[in-house]
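Please look through the structure below before reading on.

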Amino acid sequence: MDSFPAYFPLAGRKVVIAGSGEAADNKARLFDGSPATLVRVDGHAAFLPGTYAGAVLAFVAGDDEVFLQSAASAARAARVLVNVVDRPTMSDFNTPAVIDRGEVVAAVGTGGASPTLATKLRNDIEAQVPEGSGRVAALLRKFQDEVRGALPAMHERRAFLRDAVAGEAAQAAMAGDMEKAGQLFRQALAKGVGREGKVRFIAGKGPSDLLTLRALRALGAADVLIADEAADPDIVNMARRDVHRLDPAQAGAETLVTLAQEGKQIVRLIVAPVDPALVQALGAASVSVEVI
């Protein structure tokens with residue numbers, strides 16, 4: 001990882017854009033609808049450290065090299081991180097290609113090497129981040145303290161939230177009915193953790209861009225991952241970093257049944273047809289099975 005992505009809270013914060021023209025206007029549009037106070041300056045004011053006092057970020061745009069260097073120096077004198085548009089070597093940070101869903105923000109960066117590539121990748125990802133995602137995040141934020149109080153154990157809390165982001169409350173939030181979403185969320189929280197374990201078989205040969213959205217979500221929600229040795233590494237890496245990994249030799253029918261009875265969500269990445277005997281054994285133990 002050549003650069004570390006970070007998110008800066010904008011509520012009550014100040015952002016300064018120094019300069020004029022299309023590049024400066026484009027940076028300003030990034031903050032449309034945000035809670036930040038946007039300050040735009042040009043000319044002599046851009047060279048004064050006081051202009052940037054209290055800002056969380058500063059952007060400097062223009063064609064005049066002296067203007068760029070002087071404005072960037074003034075911002076740094078005020079201890080503000082600076083992005084000089086289209087000048088990665090002069091910048092403290094680079095601006096990624098952003099997918100804005102309110103409280104959900106996804107970003108793709110290339111360290112300033114290729115904004116065009118970042119934009120292309122953003123467009124590829126955008127379809128997988130629904131418009132209502134921000135409302136689901138707002139719902140989870142609203143109930144954050146209640147969830148912690150009701151489920152103090154980390155593993156129980158994580159299990160509940162993994163189900164919640166795909167449950168009825170989240171679906172209501174996606175549709176824009178936040179009142180109904182709140183009611184459904186409280187009902188789910190009152191029931192607690194008690195989810196049904198499931199085994200999902202997913203074709204793991206690759207390439208990864210052929211995976212369906214359902215398969216991607218299953219990988220993201222998995223508690224246990226069992227991948228054939230020949231599974232595409234790009235697909236394997238789509239699972240959560242903290243997923244529990246098992247070797248296929250350790251994952252016979254008895255083990256899968258035990259894990260499913262514990263409420264675990266299990267993904268089995270396969271490169272050959274599903275073994276009918278294994279599916280039969282899981283069915284005999286009343287374990288839910290899905291082949292994706």
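What follows describes a predicted model, part by part. Local features need pLDDT of at least 70 and side-chain atom pairs count only at pLDDT 80 or more, while totals for chains, interfaces and linings use all residues. Residues are numbered from 1 along each chain as its sequence is written, and side-chain values use heavy atoms, leaving out hydrogens and water.

The sheet comes first. Four strands form an open sheet with parallel pairing, in the order β2-β1-β3-β4. Strands here are DSSP runs of E with at least two residues, helices are runs of H or I with at least four, and both are numbered from the N terminus; two strands pair if DSSP finds at least two bridges between them. β2 (37-41) and β4 (81-84) stand at the edges with a single partner strand each, so one side of each has no neighbour in the sheet. Strand β1 (residues 14-18) pairs with β2 over five bridges, and Val15 stands opposite Leu38 in β2.

Helix α1 (residues 22-29) lies across β1, β2, β3 (55-60) and β4, and runs at about 170 degrees to β2. Such angles run from 0 to 180 degrees between N-to-C directions, with axes fitted to C-alpha atoms, for helices over the stretch in contact; contact means heavy atoms within 4.5 Å.

The largest nonpolar core has 18 residues. A core of this kind is a set of buried (under 20% relative accessible area, 1.4 Å probe, protein chains only) Ala, Val, Leu, Ile, Met, Phe, Trp, Tyr and Cys residues joined through side-chain atoms within 4.5 Å. α2 (65-77) is among the elements that supply at least two residues each, and α2 gives the most, with six. Val84 is one of the residues with the most contacts inside the core.

Definitions and conventions. Buried < 20%, exposed > 50% of the residue type's maximum accessible area, 1.4 Å probe, protein only.
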